[in-house]
Amino acid sequence: MFEKFGEMNYEELMRTAAAEKAEGDLEALTTLAMENGLEKEDAEDYMDDLVDTLATPYMAAVARIEAQAKELKIEGRLKDQKDYIIQMLMEGGEVDEKMCLAVCRKGKYLKECLARILSYSSEHIIQIPEEIVKLAEFRGNGKKEKMRGPIYEGGGTKKDFKRIAREYYREA
């Protein structure tokens with residue numbers, strides 16, 4: 001990300017997009033869009049006056065998070081946490097514009113937010129009840145065997161993850 005134009009906040013992205021459009025430079029506008037996780041079609045629609053801006057704050061925030069997630073090649077719980085952060089951008093059917101703009105600030109990265117969630121989870125581990133562990137199976141080295149305890153799992157709830165993500169993206 002940010003190879004040609006560099007990292008920008010939302011306002012800088014919109015100003016740069018407007019300048020490239022004014023120059024009629026679709027190639028540069030497309031590069032700008034794609035560097036920020038947006039689609040080529042977003043640039044084309046903007047250049048053709050089908051939309052007023054290259055992206056809304058919500059579009060830009062989702063695109064940035066998705067592009068960073070793709071670079072990180074996240075899976076499993078990290079993907080779920082990323083999806084939850086995206087859900088936070090639209091609370092109760094309303095776009096949380098402050099959160100969207102916070103996600104688009106310079107120096108704010110999904111990997112750092114996920115690292116904070118992981119740190120919190122590891123500091124608040126919980127022991128899985130033995131009754132559950134006895135019923136679970138472990139698959140490793142081509143073998144399937146019963147798990148043996150104690151087994152611990154990272155703690156934290158969606159409410160904790162939401163608080164951590166909000167604090168991370170909104171802090172200076």
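Trainee: In which helix does Arg166 lie?

Mentor: Arg166 lies in helix α9. Helices here are DSSP runs of H or I with at least four residues, strands are runs of E with at least two, and both are numbered from the N terminus. This is a predicted model, where local features need pLDDT of at least 70, side-chain atom pairs count only at pLDDT 80 or more, and totals for chains, interfaces and linings use all residues. Residues are numbered from 1 along each chain as its sequence is written, and side-chain values use heavy atoms, with hydrogens and water left out.

Trainee: Why is Arg166 called buried?

Mentor: Buried means under 20% relative accessible area, exposed means over 50%, and partly exposed is in between, using a 1.4 Å probe and protein chains only. Arg166 has 18% relative accessibility, so Arg166 counts as buried.

Trainee: What does Arg166 touch, leaving out residues up to four places away in sequence?

Mentor: Arg166 touches Met88, Glu91, Asp96 and Met99. Contact means heavy atoms within 4.5 Å.

Trainee: Take Asp96 from that list. Where is Asp96, and what makes it buried?

Mentor: Asp96 is in the loop between β2 (94-95) and α6. Its relative accessible area is 16%, under the cut-off, so Asp96 is buried. Setting aside neighbours within four places in sequence, Asp96 is in contact with Met88, Leu89, Met90, Arg166 and Arg170.

Trainee: And Met99? Why does Met99 count as buried?

Mentor: Met99 sits in helix α6. Its relative accessibility is 0%, so Met99 counts as buried. Beyond residues up to four places away, Met99 touches Met88, Leu89, Ala165, Arg166, Tyr169 and Arg170.

Trainee: How far is Met99 from Ala17, C-alpha to C-alpha?

Mentor: Their C-alpha atoms are separated by 22 Å, and the two residues are 82 apart along the chain.

Trainee: Now the whole chain. How many helices and strands does it have?

Mentor: The protein chain has nine helices and six strands.

Trainee: What makes the chain more spread out than a compact globule?

Mentor: Its radius of gyration is 20 Å, well over the 16 Å that the globule rule gives for 172 residues, so the chain is more spread out than a compact globule. The radius is taken over C-alpha atoms, and the rule is 2.2 Å times the number of residues to the power 0.38. The C-alpha trace spans about 65 × 35 × 30 Å along its principal axes.

Trainee: What share of the chain is buried?

Mentor: Of the 172 residues, 37% are buried.

Trainee: What makes a set of residues a nonpolar core?

Mentor: The members must be buried Ala, Val, Leu, Ile, Met, Phe, Trp, Tyr or Cys residues, joined through side-chain atoms within 4.5 Å. The largest such core here has 41 residues. Leu29, Leu54, Ile85, Leu89, Leu110 and Tyr169 touch the most other members. Several helices each supply at least two residues, including α1 (10-23), α2 (26-35), α6 (97-103) and α9 (158-170). The largest share, six residues, comes from α4. In soluble globular proteins, nonpolar side chains tend to be buried together.

Trainee: Which residues does Leu29 contact, leaving aside neighbours within four places in sequence?

Mentor: Leu29 is in contact with Ala17, Glu20, Ala43, Tyr46, Met47 and Leu54.

Trainee: Let us turn to loops. Why is Asp52 called exposed?

Mentor: Asp52 has a relative accessible area of 74%, over the 50% cut-off, so Asp52 is exposed. Asp52 lies in the loop between α3 and α4. Its C-alpha is 9.8 Å from that of Ala18, and the two are 34 residues apart in sequence.

Trainee: What makes Lys73 exposed?

Mentor: Lys73 has 69% relative accessibility, so Lys73 counts as exposed. Lys73 is found in the loop between α4 and α5. Its phi is positive, about 55 degrees, although Lys73 is not a glycine.
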